[in-house]
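Colleague: I would like to learn how to read a helix and a pocket in a model. Could you take me through one of each?

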Amino acid sequence: MHRLSRRSVSAVLLNGGARYRSSVASVSSLINLNESKAGHSDTKLRWYSILTNGRCKATSSIKSLDLRNGFFLVNRYESTAAASDASDPPAEKYEYQAEVSRLMDLIVNSLYSNKEVFLRELISNASDALDKLRFLGVTEPELLKDAVDLDIRIQTDKDNGIVTIIDSGIGMTHQELIDCLGTIAQSGTAKFLKALKESKDAGADSNLIGQFGVGFYSAFLVSDRVIVSTKSPKSDKQYVWEGEANSSAYTIREETDPDKLIPRGTRLTLYLKRDEKGFAHPERIEKLVKNYSQFVSFPIYTWQEKGYTKEVEVDEDPTDAKNEEQDEKTEKKKKTKKVVEKYWDWELTNETQPLWLRNPKDVTTEEYNEFYKKTFNEYLEPLASSHFTTEGEVEFRSILYVPSIAPMGKDDIANPKTKNIRLYVKRVFISDDFDGELFPRYLSFIKGVVDSNDLPLNVSREILQESRIVRIMRKRLVRKAFDMILGISMSENREDYEKFWENFGKHLKLGCIEDRENHKRLAPLLRFLSSQSEHEMISLDEYVENMKPDQKDIYYIATDSVTSAKNTPFLERLLEKDLEVLFLVDPIDEVAIQNLKSYKEKNFVDISKEDLDLGDKNEEKEKEMKQEFGQTCDWIKKRLGDKVASVQISNRLSTSPCVLVTGKFGWSANMERLMKSQTVGDTSSLEFMRGRRVFEINPQHSIIQTLTAACKSNPNDEEALRAIDLLYDTALISSGFTPENPAQLGGKIYEMMGMALSDKWDTPVAEYHQPPTKPDFAEPLEAEVVESVEAGGQK
C-alpha cells in the first residue's frame with residue numbers, strides 16, 4: 001500500500017482530487033473486480049484510508065465506492081492459501097539430470113577415504129546374496145536344487161593384476177542386473193528387506209548388510225574394468241555385465257563360453273589399475289579378509305600357495321661312483337634330499353567365530369582370553385572381561401577387556417585416537433579409528449568389540465554419525481567399563497587392582513577432570529598413599545572409615561614425593577591429633593581432587609591453605625594470643641612488606657617456628673611449581689594465578705618468643721630484622737616454594753653460620769716457657785786423666 005507525502009495529501013484536499021482521478025478509477029475497478037470474485041460473500045473486510053491512519057471495519061459486502069470530497073477508500077482481502085494457489089500458474093516438473101561419469105567419479109573418489117575397503121564391500125554383497133538364497137530357500141526349495149556349498153571364494157592373479165570373487169548366492173537375472181548395477185544408489189538388499197517387511201509371513205533378516213546401493217561401485221577404487229558374470233536359479237541363462245571406470249555406459253550380454261558357466265551365483269572379475277596391482281597378491285587379500293570380513297557368517301576361501309616336504313633322489317657324482325666300485329663290500333644306498341613341493345589350493349581364511357554372538361554362559365574364560373589374544377595381538381591375558389547384550393531402544397552386543405599392562409609408550413592418555421575398539425555392523429568390520437565417539441579419552445585403554453545392526457553410519461560406513469543412538473551406546477559402554485574395573489577392585493586378590501592402578505591409575509584421575517557426570521563412579525576407584533599408610537595405597541572408602549568421629553573433612557597435602565610430604569611442617573598438628581592426611585605425589589593428583597571437591601559429603605581440604613579448621617578452635621585462647629603477639633605480627637609484616645599478604649598466628653604448627661600458607665583460591669606451592677615447569681606454560685599468568693601468601697608463626701617456639709622480645713625492646717635492631725628475612729626465606733623452602741634469589745639466601749645462611757660458629761672451636765695457643773738462663777760464672781770441673789794405650793795392648 002502506498003503512503004502519500006504531506007504535500008500530496010494537501011494537493012488532494014485543495015484540488016478536490018482532480019489530479020488523482022486516474023488513480024481512483026484504477027482502484028475502483030480493482031475493487032469491483034475483487035467484489036465480483038468474492039461473489040458477495042460474507043467475507044469480513046478491512047477498510048484502509050490512504051489519507052489518514054484511521055481504520056474502520058465493515059461486516060457486509062461493498063456495493064459501491066464513496067468518493068465524496070475527494071476521499072476514497074480501498075479494501076484488502078485476507079485471502080486463504082487455497083485462493084492464492086488457485087490463482088498461481090501451473091508448475092512445470094523437471095527431473096534432475098546427471099553426468100554419469102562425473103557422478104561415478106564422485107562416488108568412487110570422494111565417498112571412500114581408504115581404497116582397501118573395496119574388498120569389504122564386495123564380500124558384504126556376496127554375503128547378502130548367500131543370505132537371500134538361504135532365506136528364500138526355506139519357502140522355495142527348488143532354488144537350492146544345485147548342490148553347491150554356500151561360500152565365498154577369492155582368487156588372485158598377481159602377474160596380470162586380476163582379482164576374482166565368486167559366491168554361490170542367489171545371482172541376478174537380466175532385469176536385476178539393470179536394476180541393481182545399472183541404477184546408481186539403488187540397493188537390492190534394501191529393496192529385498194522392504195519386501196520382507198511388507199510380507200505377512202516373514203520378518204526382516206538381520207544378517208543382510210547392504211543398505212546404500214553404492215558398495216558395488218567401490219570396485220572402481222582399484223579397478224579400470226569390472227566384469228560381473230551371474231546366474232540366477234530363476235533364470236536358465238547366465239549374463240555378463242561389463243563396465244569401465246571412466247565410462248558412462250555398460251554392456252550386458254549372455255554368457256556363451258562353456259568354460260565360464262557357473263551353476264549358480266556371481267563371479268566378479270576386477271582388472272586392477274596399474275598402481276593398485278599390489279591388491280592382487282594373495283597375502284594382501286588374506287590380510288584384508290581377516291581384518292574386515294573375519295566374522296562373516298559364510299566361509300571365505302582364498303587361493304593360496306602351499307607346500308609340502310618330500311625326499312627326492314640325488315644324482316651320483318662320478319668320483320663317488322668310482323669309490324663305490326672299489327669297495328664292493330659296501331652296501332649301496334641311494335642318496336636323497338628334502339625339497340619343498342609347492343602347489344596352489346583353497347584355504348579357509350575366516351576361521352575365528354564371532355564370540356560375542358554366543359551366550360555368555362556357554363563361553364569359558366579360556367575362550368575369552370584366546371579371542372582377546374587373537375583379535376588384539378596380545379600375549380598376556382587380560383585382567384578382566386565383560387560380555388553383554390544391550391536390548392531395548394538401542395541393541396548391540398559387545399565384549400570389553402581390561403588389558404593387563406599399559407602400552408610401552410604410555411602416550412595414549414593424551415591421545416584419544418587408539419585402535420582398541422573394533423566396531424562391527426552385522427559382523428563386518430567398519431572401523432577402529434575413533435576420536436571419543438564410543439569411549440572418552442580417559443577410558444581409551446579399554447579394548448573390545450562392538451557389534452550393532454542399526455548404527456547410524458554414513459554411506460561409506462567409515463564415519464560414525466553423531467546422533468542420539470551413539471550417545472546412548474557411549475553411556476552404556478562406559479557404565480559397563482566401570483562395572484568391570486569395580487569388579488577388579490573388589491577382587492579378593494588385592495594385587496590385581498594394584499597392577500591395574502600402576503598401569504591405568506592416571507587415566508582414572510584424568511577422568512575426574514574431564515567427566516563430571518561419572519564422579520560417583522570414579523571416586524571409589526581412586527587410590528592414594530597417606531600419613532598412616534606410606535607404603536600401601538588406600539581407597540577413599542577406607543579413609544572415610546578411619547576418620548575420627550568429630551572429623552568433618554578429608555585432608556590432603558600435594559607434594560613431589562612421599563618424603564617431602566611426611567616431613568612438611570603443615571603436618572605437625574595433624575599428626576599429633578592422629579588425623580590421617582592423603583599424600584598427593586602425582587602431578588595430576590591435585591587437579592583431580594580439586595575437581596572431585598567432595599566424597600560422601602566430606603569436603604577435600606588442602607592443609608597448605610589458609611584458615612585450616614582442625615575442629616579444636618578456642619576463641620578465648622586465640623584472643624589472648626592475638627593480644628600478646630599482635631604487635632609482633634605487625635612488626636614482621638612491616639619488615640616483609642608485599643612479600644606476604646598478612647602475618648597470623650598458626651594453629652597447625654608444633655615444632656616449626658613458622659610456615660608460609662597460600663590463599664584458598666590461588667595456586668598451592670605444589671601447583672605453582674608444576675606450572676613453572678611446563679614446557680609450553682604461560683609465564684604471564686603466574687603472577688595472576690599465584691595465591692596470596694600468609695606468613696604464620698608459632699608463638700610457642702623459642703625463635704618467635706625471642707623476636708617478640710626484640711620487637712618490644714628494640715624493633716629497629718638490624719640483627720633482628722635480618723633474622724626475620726632469613727626466617728621468611730627458610731619458611732619459603734620448607735613450605736614448598738622456590739626462592740626468588742637462591743644466592744642471596746645462601747649468603748644469609750653462610751653469614752648466620754659464621755656468627756654461630758665464631759670462636760666456638762678455635763684451637764688454644766700453647767704457652768711457651770723460656771728455660772732459665774745460666775749464670776756468668778762457671779763451676780769448676782774435675783779433670784779426667786786418660787791413660788794412653790799402645791798397640792798390642794802394651795802400655
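Modeller: This is a predicted model. Start with helix 22 (718–734), which is among what covers the buried residues of helix 23.

Colleague: Which residues of helix 23 are buried?

Modeller: Leu745, Gly746 and Lys748 are buried in helix 23. They cover an arc of only 160° around the axis, which places them on the same side of helix 23.

Colleague: Why do residues three or four places apart point the same way?

Modeller: An α-helix has 3.6 residues a turn, so residues at that spacing point the same way.

Colleague: And which exposed residues does the face turned away from the buried side of helix 23 carry?

Modeller: That face carries Ala743 and Tyr750, both exposed.

Colleague: What span should helix 23 have, from its number of residues?

Modeller: Helix 23 has 16 residues (742–757), so at 1.5 Å a residue the span should be 22 Å. The end C-alpha atoms of helix 23 are 22 Å apart, which agrees. Helix 23 is followed by Asp759, whose phi is positive, near 60°.

Colleague: Now the pocket. How is empty space found?

Modeller: A probe the size of a water molecule is rolled over the atoms, and this shows where empty space is left. Here, the second largest pocket has a volume of about 700 Å³.

Colleague: How many residues line the second largest pocket, and which lie nearest its centre?

Modeller: The lining has 23 residues, with Glu622, Met625, Ile649, Ser650 and Asn651 nearest the centre. Helix 18 (619–640) and strand 23 (646–649) are the elements that give two or more residues to this lining. Helix 18 provides the largest share, 6 residues.

Colleague: What is the lining of the second largest pocket by class?

Modeller: There are 9 charged, 7 polar and 7 nonpolar residues in that lining.

Terms used. Residues are numbered from 1 along each chain as its sequence is written. This is a predicted model: local features need pLDDT of at least 70, side-chain atom pairs count only at pLDDT 80 or more; totals for chains, interfaces and linings use all residues. Side-chain values use heavy atoms; hydrogens and water are left out. On a 1 Å grid over the protein atoms alone, a cavity is a set of points where a 1.4 Å probe fits but cannot get out, and a pocket is an open set with protein on both sides within 12 Å along at least five of seven lines; lining residues have an atom within 4 Å of a point. Grid points are joined across faces, edges and corners, and a volume is the space filled by probe spheres set on the points. Helices (H or I, at least four residues) and strands (E, at least two) are DSSP runs, numbered from the N terminus. Ala, Val, Leu, Ile, Met, Phe, Trp, Tyr, Cys and Pro count as nonpolar, Asp, Glu, Lys and Arg as charged, and the others, Gly among them, as polar. The expected span of a helix is 1.5 Å times one less than its number of residues. Buried means under 20% relative accessible area, exposed over 50%, partly exposed in between (1.4 Å probe, protein chains only). The arc is that of the directions from the helix axis to the C-beta atoms. Contact means heavy atoms within 4.5 Å.
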